[in-house]
Amino acid sequence: MIRPALFVRRFAFPASIRSYHRSASMALKAISSKDAASLDEDLIGTGGFSLDQLMELAGLSVSQAVYRVHPPSAGKNILVICGPGNNGGDGLVAARHLAQYGYSPSIYYPKEGKKELYSRLKTQLSHLSIPFVAPSDFQSTLAKTSLIVDAIFGFSFGGPLRDPFPDIISAMENAAAPVLAVDAPSSWDIEQGPPKDGPGSRFMPEYLISLTAPKPCVKFYKGRHFVGGRFLTKDIAGKYGLDLPQYQGLDQVVEVGVDDEGRL
């Protein structure tokens with residue numbers, strides 16, 4: 001059962017955040033999971049990108065979002081929870097950047113991806129002495145972390161949750177540390193938002209970074225919302241009717257809001 005104080009922390013957001021959502025002037029179109037997959041294919045097929053490049057840019061964006069909301073002075077222990085797909089790969093990349101920024105990241109990777117790319121990312125992390133947390137140490141590591149990065153499932157998630165992820169989702173849901181979700185809060189349906197019951201039904205991360213473009217489930221989201229992935233061309237954005245965010249300077253992320261009716 002969720003603790004009463006935690007329930008308030010998860011759902012009673014400060015007035016500054018609520019007013020931010022009402023006053024946000026930047027309008028960004030959400031993209032369906034089908035179109036998001038097609039867009040990635042276009043970036044690789046006609047855009048000249050490799051999967052490695054896209055994952056590197058996505059992970060860089062995630063690391064900048066972390067730095068924006070939780071600088072090292074707020075606590076250096078970051079737990080990055082990775083799933084077996086590309087969302088998990090984004091988390092692995094983000095952890096490498098976070099280590100370079102001066103954080104002390106650790107990785108929980110209970111079901112590892114099988115692509116050779118993920119193996120290389122793990123090698124990069126090992127050279128930085130970034131620890132991988134054993135299942136038996138997950139709860140104790142969670143208790144000591146300052147911020148959790150939820151990099152388990154991305155836009156391709158269709159449910160249902162399979163082991164070991166129901167327990168992991170519940171642990172994040174009840175964690176004392178704030179959570180930053182990558183692309184979508186894990187367990188959420190990309191179109192319909194949080195599940196009606198069970199693990200994830202009360203999961204509302206404090207922060208969300210949508211990669212490339214927001215997904216439809218963002219209309220159910222109530223925290224601080226960022227968009228990252230500064231690599232779209234005007235042609236590809238136009239094909240999917242997307243607005244290019246107004247990134248500033250060297251930033252790889254931009255904060256955007258959702259109004260009271262859930263429109264971006």
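Me: Which residues does Asn87 touch, not counting residues up to four places away in sequence?

Reply: A contact is counted when heavy atoms lie within 4.5 Å. In this predicted model, Asn87 touches Asp150, Ala151, Ile152, Phe153, Gly154, Val182 and Asp183.

Me: Is Asn87 buried or exposed?

Reply: A residue is called buried when its relative accessible area is under 20%. Asn87 has 7% relative accessibility and therefore counts as buried.

Me: Where is Asn87 placed, and how is that element to be read?

Reply: Asn87 belongs to helix H5. This helix covers residues 86-101, and its 16 residues reach 23 Å from the first C-alpha to the last, close to the 22 Å expected at 1.5 Å a residue. Because 12 of the 16 residues are buried, H5 is largely enclosed by the rest of the structure. Among the buried ones are Gly88, Asp90, Leu92 and His97. Gly102 follows H5 and has a positive phi, near 105°.

Me: Which residues does UniProt list for "binding site"?

Reply: The unreviewed UniProt entry lists Asn87, Asp150 and Ser186 under that heading. They are spread over 100 residues of sequence, yet they cluster in space, with a largest C-alpha distance of 10.1 Å. Of these residues, Asn87 is included in the lining of the largest pocket.

Me: Where is Ser186 found, and what is in contact with Ser186?

Reply: Ser186 sits in the loop between strand E4 (179-182) and strand E5 (207-211). Its relative accessible area is 1%, so Ser186 is buried. Leaving aside neighbours within four places in sequence, Ser186 is in contact with Asp150, Ile152, Phe153, Ile169 and Phe203. With Asp150 there is also a polar contact between the two side chains, at 2.6 Å.

Terms used. Residues numbered from 1 in each chain as written. Predicted model: local features only at pLDDT ≥ 70, side-chain atom pairs only at ≥ 80, totals over all residues. Heavy atoms only, no water. Helix = DSSP H or I, 4+ residues; strand = E, 2+ residues; numbered from the N terminus. Expected span 1.5 Å × (residues − 1). Buried < 20%, exposed > 50% of the residue type's maximum accessible area, 1.4 Å probe, protein only. UniProt positions renumbered as here; feature names shortened; annotations may be inferred. 1 Å grid on protein atoms, 1.4 Å probe; cavity = no way out; pocket = protein on both sides within 12 Å on 5 of 7 lines; lining within 4 Å. Polar contact = N/O pair within 3.5 Å; in protein donor to acceptor, adjacent residues only side chain to side chain.
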